[in-house]
Amino acid sequence: NLQGPRYVSPAPNGGFVVSEECGDVKVFMSSRKLLCSLSSKYGHRFGNPAGVCVDVDGSILVADEQRRTVHLFPEHGAPVCLVSAGLRRPAGVACSSFGHLFVADAGENCVK
């Protein structure tokens with residue numbers, strides 16, 4: 001079911017999230033069955049999704065290398081752009097249990 005998987009992150013429900021080279025992010029259940037595609041569920045168009053992570057609320061965060069953004073996809077509601085400036089090539093993302101977002105910017109060789 002995957003086309004060019006790139007980054008993967010566990011999800012709180014025992015499932016996982018995978019970004020794909022073809023421009024989508026897919027969410028799987030613990031049984032490895034496809035739960036949804038973020039582009040289909042939210043009507044969001046990705047440029048080149050890279051790093052993914054899931055925060056303590058179950059929201060999915062995605063770094064988009066081409067659009068130089070980080071978006072949050074809540075379980076319910078519309079996507080929210082968290083970072084839209086200051087990134088050259090966001091590759092990886094991670095969330096801390098304290099609510100901090102870490103972004104690996106491969107374009108500037110640093111973590112922001």
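**Figure 1. Phe 46 and Phe 73, two buried aromatic residues in the predicted model.** Both side chains belong to residues classed as buried. Three aromatic pairs occur in the structure. Together with Tyr 42, Phe 46 and Phe 73 make up one aromatic cluster.

**Figure 2. The stacked pair of Phe 16 and Phe 28.** Among the three aromatic pairs of the structure, the one between Phe 16 and Phe 28 is stacked, with 5.0 Å from centre to centre and 15 degrees between the planes. The pair links distant parts of the chain, with Phe 16 in strand β2 and Phe 28 in strand β3 (residues 24-28), twelve residues apart. Phe 16 has a relative accessible area of 23% and is therefore partly exposed. Phe 28, at 4%, is buried.

**Figure 3. The hairpin of β1 and β2.** Strand β1 (residues 5-10) and strand β2 (residues 16-20) run antiparallel and are joined by four bridges. Pro 5 has Glu 20 in β2 as its bridge partner. Five residues lie between the two strands of the hairpin, and in the turn Gly 14 has a positive phi of about 95 degrees.

Figure 4. His 71 counts as buried because its relative accessible area, 14%, is under the 20% cut-off. The side chains of His 71 and Thr 69 are joined by a polar contact of 3.5 Å. Beyond its neighbours within four places in sequence, His 71 is in contact with His 44, with Ile 60, Leu 61 and Val 62, and with Pro 79, Val 80, Cys 81 and Leu 82.

**Figure 5. Ser 97 in the loop between β9 and β10.** The loop that holds Ser 97 runs between β9 (90-95) and β10 (101-105). Ser 97 has a relative accessibility of 60%, over the 50% cut-off, and so counts as exposed. From C-alpha to C-alpha, Ser 97 and Arg 67 are 27 Å apart in space; in sequence they are 30 residues apart.

How values were computed
Residues are numbered from 1 along each chain as its sequence is written. This is a predicted model: local features need pLDDT of at least 70, side-chain atom pairs count only at pLDDT 80 or more; totals for chains, interfaces and linings use all residues. Side-chain values use heavy atoms; hydrogens and water are left out. Buried means under 20% relative accessible area, exposed over 50%, partly exposed in between (1.4 Å probe, protein chains only). Two strands pair if DSSP finds at least two bridges between them. A polar contact is a pair of N or O atoms within 3.5 Å; within protein, one must be able to donate a hydrogen and the other to accept it, and residues adjacent in sequence count only if both atoms are side-chain atoms. Contact means heavy atoms within 4.5 Å. Rings of Phe, Tyr and Trp (its six-membered ring) pair if their centres lie within 6.5 Å; planes under 30 degrees apart count as stacked, over 60 as edge-to-face and the rest as tilted.
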